[in-house]
Amino acid sequence: MSDITFRTEVHEQLGKIGAADIIVGIPSFNNARTIGHVVRAVQAGLAKYFPSHRAVIVNSDGGSSDGTIDVVQNTAAVDFSAILLHHRVEPISRIAFPYSGIPGKGSAFRSIFEIAKTLDAKACVVVDSDLRSITPEWIELLVKPVLSGGFDYVAPLYHRHKFDGTITNSIVYPLTRALYGKRVRQPIGGDFGFSGRLAQFYLTKDVWESDVARFGIDIWMTTTAMANGFKIAQSFLGAKIHDAKDPSSDLSNMLYQVVSAAFDLMEGYANTWAPICGSEPVTTFGFEYTVGLEHVNVNTARMLNLFREGLKNLREIWLEILGAGDFKEVERLGALTDGEFCFPIGLWTRVIYDYAIAFHQKKLPAEHLIKSLTPLYLGKTASFILAAKDMEGPEAEAEIEKLCMEFENNKDYLVTSWK
Amino acid sequence: MMDFLNLILEPLQEVFLTFKVFLPNLLAMIVIVIVGIVLARIVRIILIKSLTAINFDSWSDRMGFTTLMRKGDLWAKPSATLGAIVFWLLVIVTLMIGLSALNIPAIGGLVEQFFGYVPRVFSAAMILIIGYVLAGFISQGVLIAAVNSGYHYSKLLAKAIRTLLMVLILAMAMEQLQIAPSIVLAAFSIIFGGIVVALSISFGVGGIDAARRMIEQETLEKGAAETKDDIEHV
């Protein structure tokens with residue numbers, strides 16, 4: 001596999017820096033409005049918690065046209081005297097450049113991994129460039145378990161509204177937990193810490209011309225770490241608040257990107273996940289506290305209408321994927337009124353496993369297959385929202401835990417159907 | 001008397017001489033046909049076994065070919081059908097080669113015409129096969145996208161797109177086979193244009209009420225959608 005060729009000025013900068021202990025990577029694309037805050041928080045975190053470590057902030061940009069790179073280069077250094085008792089010993093270097101390769105977060109990360117390898121970094125962190133809630137403590141929580149705890153991978157643990165992160169809560173978390181046996185609550189959180197050793201391992205994988213380079217990097221990093229026996233932890237970071245997503249981004253596209261990445265990984269690691277039974281908690285760092293969360297508007301009537309439209313129009317496709325028995329159960333749900341609608345967790349588990357098997361057996365083109373899951377997913381999401389509307393956060397979390405247990409208990413069905 | 005006998009024997013002798021010259025050609029044809037049929041049988045057996053080994057029948061089920069065959073009252077397995085098609089193609093080719101071995105100018109011309117037409121048949125068959133798969137793929141994509149967008153007539157839209165594509169593909173295949181190309185082109189234009197005009201007229205005149213209802217329903221739904229979701233799915 002060929003290495004990335006950096007621009008001359010990046011090479012020169014790397015030559016001047018020589019080596020580093022910590023690399024903080026910030027992938028970006030047109031984030032000029034928010035990246036300044038992220039850079040300042042990272043600088044403060046490095047100054048406060050790692051004053052004697054050599055650190056580099058790397059902005060790997062996807063060709064922004066709004067001056068994102070200029071913002072990174074020109075963001076004034078934090079006045080440490082206002083927040084710190086001691087001055088930082090080591091200066092913090094900054095590198096900002098447009099990455100090469102297929103446009104996507106994965107290509108941006110690849111450049112960060114390459115720089116970590118070149119500078120022989122001990123610990124790396126990647127954080128999103130649109131974060132509004134990042135604090136200097138995030139850097140400590142993502143780096144320290146690697147530098148001092150001997151962990152290779154630190155996943156984030158956020159406090160989120162009970163209705164947020166529904167793809168994570170109803171598909172990605174239960175599925176990865178049941179498959180790989182590790183309770184990593186936010187496998188596609190987006191902000192991770194990892195060791196230099198793991199960064200080098202990532203670079204040995206030949207995935208940089210695939211969808212991983214485009215959109216599947218988060219789940220790929222988490223799964224690769226879990227499936228290859230790296231030591232995993234998670235850190236509580238508080239609330240995750242970021243810039244509003246592009247309103248034109250389509251739910252079925254999002255679902256396709258996330259679910260296809262998870263299913264693709266199942267192909268490669270079938271021998272690893274098949275014998276695993278149950279799951280174990282991973283070490284969690286950080287002091288957990290409750291956060292005031294903004295109200296989330298939901299329209300369950302619209303979701304259920306889309307579910308019923310799916311039932312009416314995608315009958316043949318669902319029948320082919322789910323089989324007659326489960327399809328009949330789905331059909332029964334279609335006859336329920338909004339008030340009595342409840343998607344049983346056992347059925348949902350089998351739906352996801354059936355889709356994974358159909359993906360494996362290539363029953364339909366991948367994009368059609370996963371996009372046909374959208375109405376079912378909306379039905380499940382509406383059902384969860386209706387059930388959890390009067391619940392407090394911990395009760396809603398207990399519902400997700402029940403779903404995870406169902407995924408674990410029904411894993412035999414997946415293993416035996418996987419040929 | 002001798003002259004009379006000569007008159008009878010000379011044509012017979014000529015027929016005999018012509019037959020003597022023709023006999024090796026006839027034998028060559030018979031041998032070519034027999035060997036060709038035997039080879040075609042062997043090819044059919046090997047092809048069916050190979051297709052069974054690579055699960056061609058299940059693939060055909062998934063791609064909808066089996067359903068298409070059943071609709072056409074073909075009840076054999078797709079692999080066996082493909083084997084039979086290849087077998088008969090080889091038999092026809094063998095027959096043509098055999099006939100050309102007879103060295104009869106009229107048949108030679110016919111054989112030449114046949115072999116000149118074969119590439120057109122082949123490309124028409126390719127257009128039909130690829131077109132059928134592509135039309136299925138596109139209409140399925142349209143169906144799923146329309147359902148996910150909450151469009152009420154998703155199935156109708158997908159079926160209409162599939163039909164239009166199949167009409168287009170059929171016209172392309174017939175044009176390739178040069179079956180009355182001008183008529184095909186005219187028929188295609190009339191059908192395609194007719195569908196568009198019929199849709200416009202039926203929607204504009206006959207479906208005023210339906211159109212009003214649809215627009216009202218869409219407006220109502222937009223109003224309902226204003227209670228939009230703020231959920232972050234990932």
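Mentor: Happy to. A residue counts as buried if 20 or more other C-beta atoms lie within 10 Å of its own, and as exposed if 12 or fewer do. Keep in mind that this is a predicted model.

Trainee: What is chain B built from, helices or strands?
Mentor: Chain B has 8 helices and 0 strands. Read from the N terminus, its elements go α-α-α-α-α-α-α-α.

Trainee: And how many helices and strands does chain A have?
Mentor: Chain A comes with 19 helices and 10 strands.

Trainee: What radius of gyration does chain A have, and what would a compact globule have?
Mentor: Chain A has 22 Å, which agrees with the value near 22 Å for a compact globule of 419 residues. Its C-alpha trace spans about 65 × 45 × 40 Å along the principal axes.

Trainee: Switching topic: how many residues does each chain put into the contact between them?
Mentor: The contact takes 30 residues from chain A and 21 residues from chain B. On the chain A side, α7 (166-180), α11 (251-268), α13 (300-313), α16 (366-371) and α17 (374-388) each supply at least two residues.

Trainee: Which of those gives the most?
Mentor: That's α13(A), with 7 residues on the side of chain A that touches chain B.

Trainee: You mentioned α7 and α11 of chain A. At what angle do α7(A) and α11(A) pack?
Mentor: The angle is about 5°, and their axes are 11 Å apart. That makes α7(A) roughly parallel to α11(A), because angles under 35 degrees count as such.

Trainee: Which residues meet there?
Mentor: From α7(A) you have I167(A), I171(A), V172(A), L175(A), T176(A) and L179(A), and they meet L255(A), V258(A), V259(A), A262(A) and M266(A) in α11(A). By class, the contact of α7(A) with α11(A) has 10 nonpolar, 1 polar and no charged residues.

Trainee: I'm curious about S260(A). Is S260(A) buried or exposed?
Mentor: S260(A) is buried, since it has 20 other C-beta atoms within 10 Å. S260(A) lies in helix α11 of chain A. Leaving aside neighbours within four places in sequence, S260(A) is in contact with D211(A), A366(A) and I370(A).

Trainee: How far is S260(A) from V291(A)?
Mentor: They are 31 residues apart in sequence and 32 Å apart in space, C-alpha to C-alpha.

Trainee: One last pair: how do α15(A) and α18(A) pack?
Mentor: Helix α15 (residues 345-360) and helix α18 (residues 393-409) of chain A pack at an angle of about 55°, with axes 9 Å apart. They are therefore oblique to each other, and α15(A) passes α18(A) in a right-handed crossing.

Trainee: Who touches whom?
Mentor: I345(A), G346(A) and T349(A) in α15(A) meet K402(A), L403(A), E406(A) and F407(A) in α18(A). That contact has 3 nonpolar, 2 polar and 2 charged residues.

Conventions: Residues are numbered from 1 along each chain as its sequence is written. Chains are lettered from A and ligands numbered from 1 in the order in which they are written. This is a predicted model: local features need pLDDT of at least 70, side-chain atom pairs count only at pLDDT 80 or more; totals for chains, interfaces and linings use all residues. Two residues are in contact if their C-beta atoms, placed from the backbone, lie within 7 Å. Helices (H or I, at least four residues) and strands (E, at least two) are DSSP runs, numbered from the N terminus. The radius of gyration is taken over C-alpha atoms; the globule rule is 2.2 Å times the number of residues to the power 0.38. Axes are lines fitted to C-alpha atoms, for helices over the stretch in contact, and angles run from 0 to 180 degrees between N-to-C directions. Angles under 35 degrees count as roughly parallel, over 145 as roughly antiparallel, 65 to 115 as roughly perpendicular and the rest as oblique. A crossing is left-handed if the near helix is turned anticlockwise from the far one by less than a right angle, and right-handed if clockwise. Ala, Val, Leu, Ile, Met, Phe, Trp, Tyr, Cys and Pro count as nonpolar, Asp, Glu, Lys and Arg as charged, and the others, Gly among them, as polar.
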